[in-house]
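Hi,

Here is the structure I promised to pass on. Have a look at it first, and then read my notes below.

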Amino acid sequence: MDKKAADRIQDLQYFGEFGGVNPSISDASTYTFLSAKTMFDTFEGNTEGCYLYSRHSSPSNLYLGEALAAMEGTETANVTASGMGAITATLLQLCGAGDHIVSSRTIYGGSYAFLKNFMDRFNIQTSFVPITRLQEVAAAITPKTKMIFCETVSNPLLEIADIPALARLAKEHGIPLVVDNTFAPLSIAPARLGADIVIHSLTKFINGSSDCVAGAICGTREFCLGLKDVNHGAGMLLGSTLDSHRAASILKNLRTLHIRIKKHSENAHFLARRFEKDGLRVVYPGLLSHPGHPIMRKQMETEYGYGGIMTLDVGDLDTANALMEQMQARNLGYLAVSLGFYKTLFSAPGTSTASEIPEQEQKDMGLTDGLIRFSIGLDNDIERTYHEMRSCMEALGILHPHETTA
Ligand code: PLP
């Protein structure tokens, strides 16, 4: 029987140098060779199992990469110093001057800015399309298009990309489907649904402790080795390398990801249901009212739920800011960007993580001023959290006491 992702991670067995239950951390930037010839062959990419220099690879980074590849069901994976390090290396590896990219228009603001502003320097143009309208995605593909890029569950609007349909479309045009799966680790396995390359910001759920930034590129051996090529590899040459100590600590946190994701999802689903019942404008892929709900159901691993992210639209920016400040003052979470922490994090994307997207484009895609993005934490008693959040909303007149249906 096909093993589940969490079981594939669990079944990886490593011993440290002295029999430790965690692999030893490779505390070195460079590696010795007993023969000069082996060093030369390693530079040429002809030696297996030899380490050269830690920007190229290191044992700790390889261990983490192996575990992430096991999770995503890809041949291998490279780890990087940030999620942006993974995205920029991948995109630059696949595109050259004059090429074209078709990208979802609802993506993380940093990815959007890189595609729209930075790639323009190399005359690499991007068409931003509504990813849920397949005909528009297909119509944007030209002979110069080198990839389709999207997020499985988009930041911050939580649109759900139909990965099998997009993979078929990409295949028809002989181009790869590159998917950022940062919002849905374990819940969605894009490579198993047909995506060619799966990217993660490990900074978020996978590490889960908001203490570092890191990223990963999961794909074929050929693509990942190409990224490390000493002459042409965007990973090797742009130098976005993860430090071994961080790779080791992320690997330890990855081991509890399956438990954490279930709890994040359970808590977010609970709050989304309650606030929707209260009449608030809630977006959460687990709600029947979410337009992407049927697609999410079709492609998700049910046991992990619909993820830890939900949004609430409270009408305008002032109200959103006041609510976030109140919630932080009541210790319900932190007014902070990022996601996947044990504690709830909230921010208004229009003025933070999506602020790189021009105002008119934010409006066109439905990103409103009063939208708050919540990364729901691992709260033990989510009912208690609900009542406390409600009480903040009542204090600000967003909800009135008699509206409660609980
Ligand atoms: N992809 C998504 C969906 C994100 O939300 C983010 C950051 O918020 C990134 C990529 C970038 O990751 P990092 O901050 O680790 O560079």
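These notes cover the ligand site and then a pair of helices.

The model is predicted, so local features need pLDDT of at least 70 and side-chain atom pairs count only at pLDDT 80 or more, while totals for chains, interfaces and linings use all residues. Residues are numbered from 1 along each chain as its sequence is written, and side-chain values use heavy atoms, with hydrogens and water left out.

The ligand is surrounded by 14 residues (a residue is near if one of its heavy atoms lies within 4 Å). Met 84, Asp 180, Ser 201, Thr 203 and Lys 204 are the closest. By class, the shell has five nonpolar, six polar and three charged residues (Ala, Val, Leu, Ile, Met, Phe, Trp, Tyr, Cys and Pro count as nonpolar, Asp, Glu, Lys and Arg as charged, the others, Gly among them, as polar).

Polar contacts here are pairs of N or O atoms within 3.5 Å. Thr 203 places a polar side-chain atom 2.6 Å from a ligand oxygen. For Lys 204, the distance from a polar side-chain atom to a ligand oxygen is 2.8 Å. The protein buries 91% of the 390 Å² that the ligand exposes when taken alone (Shrake-Rupley method, 1.4 Å probe).

Helix α4 (residues 83-94) gives the largest share of the shell, three residues; helices are DSSP runs (H or I, at least four residues). The crossing of α4 and α5 is right-handed (the near helix is turned clockwise from the far one by less than a right angle).

Best wishes

Methods. A polar contact is a pair of N or O atoms within 3.5 Å; within protein, one must be able to donate a hydrogen and the other to accept it, and residues adjacent in sequence count only if both atoms are side-chain atoms. Helices (H or I, at least four residues) and strands (E, at least two) are DSSP runs, numbered from the N terminus.
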